[in-house]
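Hi,

Here is the structure I promised to pass on. Have a look at it first, then read my notes below.

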Amino acid sequence: MKTLDESSVVVAADHTTSAEVDGESVILDLDGGVYYGLNSSGSRIWKKLQEKKTIEELIDEITKEYDVGRSECEDDILSLVQDLRENNLINIVDAQKIK
């Protein structure tokens with residue numbers, strides 16, 4: 001499995017659907033039938049993952065929206081993205097294919 005870093009391009013998997021409930025997101029893996037819940041900040045990141053983004057773009061956008069330092073934001077996003085990846089909810093896209 002490829003290591004995630006700021007240049008990794010990520011996008012929500014096609015086999016997922018989500019709904020927002022009271023500012024939080026519930027994601028359903030249509031293939032696996034598993035529900036996954038996100039708090040409000042995780043929900044914001046999930047919304048951004050509906051389009052292909054690099055982790056660096058996510059970090060830049062979230063640090064502008066929230067009062068959080070870049071290093072803490074990077075750690076939190078990498079942790080969330082890794083968890084989403086382990087749960088098969090996102091895809092890592094070859095950066096060469098999106099240019």
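Which residue in E6 is the bridge partner of Val11? It is Asn91. Before the rest, two housekeeping points. This is a predicted model, with residues numbered from 1 along each chain as its sequence is written. Local features need pLDDT of at least 70, side-chain atom pairs count only at pLDDT 80 or more, totals for chains, interfaces and linings use all residues, and side-chain values use heavy atoms, with hydrogens and water left out.

Let's start with the strands. Helices (H or I, at least four residues) and strands (E, at least two) are DSSP runs, numbered from the N terminus, and two strands pair if DSSP finds at least two bridges between them. Strand E1 (residues 9-12) has antiparallel pairing with strand E6 (residues 90-93) over 4 bridges. E1 also pairs with strand E5 (residues 53-54), again antiparallel, over 2 bridges; there, Val10 has Lys53 as its bridge partner. From E1, Val9 and Val11 point one way while Val10 and Ala12 point the other, and all are buried (under 20% relative accessible area; exposed is over 50%, partly exposed in between, with a 1.4 Å probe and protein chains only).

Next, the hairpin. Strands E2 (residues 16-21) and E3 (residues 24-29) run antiparallel and are joined by 6 bridges, with Thr16 opposite Asp29 in E3. There are 2 residues between the strands, and Asp22 has a positive phi near 55°.

Val26 lies in E3 and is partly exposed because its relative accessibility is 34%. Together with Val21 and Tyr35, Val26 makes a nonpolar surface patch of about 300 Å². (Patch residues have over 30% relative accessible area and no salt bridge; like charges are joined within 9 Å, and nonpolar side chains, meaning Val, Leu, Ile, Met, Phe, Trp and Tyr, within 5 Å. Areas come from the Shrake-Rupley method with a 1.4 Å probe, and for residues only the protein chains shown count as cover.)

Now the charges. Side chains of opposite charge can pair when their charged atoms come close. Counting a side-chain nitrogen of Lys or Arg within 4 Å of a carboxyl oxygen of Asp or Glu as a salt bridge, there are 7. Here are some of them:

- Arg70 pairs with Glu6, and their closest N and O atoms are 3.3 Å apart. Arg70 is in helix H3 and Glu6 in the segment before E1, 64 residues apart, so distant parts of the chain are linked.
- Glu20 and Lys47 form a salt bridge at 2.7 Å, N to O. Glu20 belongs to E2 and Lys47 to helix H1, so parts 27 residues apart in sequence are tied together.
- Glu65 and Arg44 form another, at 2.8 Å, N to O. Glu65 is in helix H2 (residues 55-65) and Arg44 in H1, so this pair ties together parts 21 residues apart in sequence. Shared partners join Arg44, Lys48, Lys53, Glu61 and Glu65 into one salt-bridge network.

Finally, the largest pocket holds about 250 Å³ of space. Its lining has 13 residues, and the closest to the centre are Ser41, Gly42, Ile45, Asp76 and Ile77. H1 (40-48) and H3 (70-86) are the elements that give two or more residues to the lining, and H3 has the largest share, with 5. (On a 1 Å grid over the protein atoms alone, a pocket is an open set of points where a 1.4 Å probe fits, with protein on both sides within 12 Å along at least five of seven lines; lining residues have an atom within 4 Å of a point.)

Cheers

Note on methods. Grid points are joined across faces, edges and corners, and a volume is the space filled by probe spheres set on the points.
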